[in-house]
Amino acid sequence: MTYLVHRVAVIGSGTMGAGIAQAAATAGWSTVITDARLEALPAALTGIERTLEGSVSRGKLSTGERDAIRGRISSASSIADACRNADLVIEAVVEDLAVKQAVLTEASTVVPHSALLATNTSSLSVAALSTGLPHPSRFLGLHFFNPVHLMKLVEIVVHEKTDDAAREDALSVVRALRKEPIVVRDSPGFASSRLGVVLGLEAIRMVEQGVASAHDIDRAMELGYNHPMGPLRLTDLVGLDVRLRIAEYLHRTLGDDQYEPPQLMR
């Protein structure tokens, strides 16, 4: 059964939040984006506008489709205003457990009990993020990838209290977004970050050790393994700061040396 979504709230207006908001509006849903830094909201909306214009110039969208998507996106000055009456809330703030918990707790006080509440975390424990939520069975991870409008994968991360209905609703949401879902169990780094970070860290260690140039290491994976982008270029795209936080978290929680960030990365 398809989960009916009419209103989406996105908390966090950075690169990921703005991309998720655009994807939701493209799916036909009224979308509200909010951020603790109110001054960041105009920049996020401008970035979405720029991305939409690029799609028009490449013939991916008509001007009418662009205007319709743009018309479905608005901003709110508070979490309460953004999340009230939302069917789907997606948190996309900084990768910090305490910050995310605070945001999710605040959102949970105003959303309807039937709403699906999700985090876009790329590595943190979804179960830990659910602590204190009144309806943890309706909470899970929806891990999008950057750039959201181009990347097809969304990881659905379920923890032990996520019920089957929420899992099925999440699958329905991801497919409505015209993305490909995979379902993974709540575990440090899930599937994508756990694998991707190892490759990226090893590539940085190889540069550090003088094995080959950054360009040639990337080309080895692009041409030899048919990766669309090399691990070093991908690390730059994700952000060295983001990758460093993920690596430190995985090293701390899993204890394996392969997750120890190399000095060059620091």
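Predicted model: local features only at pLDDT ≥ 70, side-chain atom pairs only at ≥ 80, totals over all residues.
1. What distance in Å should the 17 residues of helix 8 span, and how far apart are its end C-alpha atoms? Helix 8 covers residues 192-208, and at 1.5 Å a residue it should span 24 Å; the end C-alpha atoms are 24 Å apart, which agrees. The expected span is 1.5 Å times one less than the number of residues.

2. Residues are numbered from 1 along each chain as its sequence is written, and side-chain values use heavy atoms, with hydrogens and water left out.

3. The buried residues of helix 8 are S192, S193, V197, G200, L201, A203, I204 and R205. Here buried means under 20% relative accessible area, exposed means over 50%, and partly exposed lies in between (1.4 Å probe, protein chains only). These buried residues pack against strand 6 (139-143), strand 7 (153-158), helix 9 (214-224), helix 10 (231-238) and helix 11 (240-254), where contact means heavy atoms within 4.5 Å. Just after helix 8, G210 takes a positive phi of about 75°.

4. The largest pocket has a volume of about 1,400 Å³. Of the 50 residues that line this pocket, M16, H143, F144, N146 and V238 are the closest to its centre. Two or more lining residues come from each of helix 1 (15-26), helix 5 (97-108), helix 8, helix 10 and helix 11. Helix 8 gives the most, with six residues. By class, the lining holds 25 nonpolar, 17 polar and eight charged residues. Ala, Val, Leu, Ile, Met, Phe, Trp, Tyr, Cys and Pro count as nonpolar, Asp, Glu, Lys and Arg as charged, and the others, Gly among them, as polar.

5. A pocket is an open set of points on a 1 Å grid over the protein atoms alone, where a 1.4 Å probe fits, with protein on both sides within 12 Å along at least five of seven lines; lining residues have an atom within 4 Å of a point. Its volume is the space filled by probe spheres set on the points, which are joined across faces, edges and corners.

6. The second largest pocket contains about 560 Å³ of space. Among its 20 lining residues, T26, H149, K152, R178 and K179 are the closest to the centre. Helix 1 and helix 2 (40-57) each supply at least two residues of this lining, and helix 1 gives the most, with four. The lining has 10 nonpolar, five polar and five charged residues.

7. The whole structure has 14 salt bridges, each a side-chain nitrogen of Lys or Arg within 4 Å of a carboxyl oxygen of Asp or Glu. One of them joins E49 and R70 (2.5 Å, N to O). E49 lies in helix 2 and R70 in helix 3 (residues 63-71), so the pair ties together parts that are 21 residues apart in sequence. E49, at 22% relative accessibility, counts as partly exposed, as does R70 at 34%. A network of salt bridges links E49, E53, R66, D67 and R70.

8. K100 and E91 also form a salt bridge (2.4 Å, N to O). K100 is buried, with a relative accessible area of 1%, and E91 is buried at 0%.
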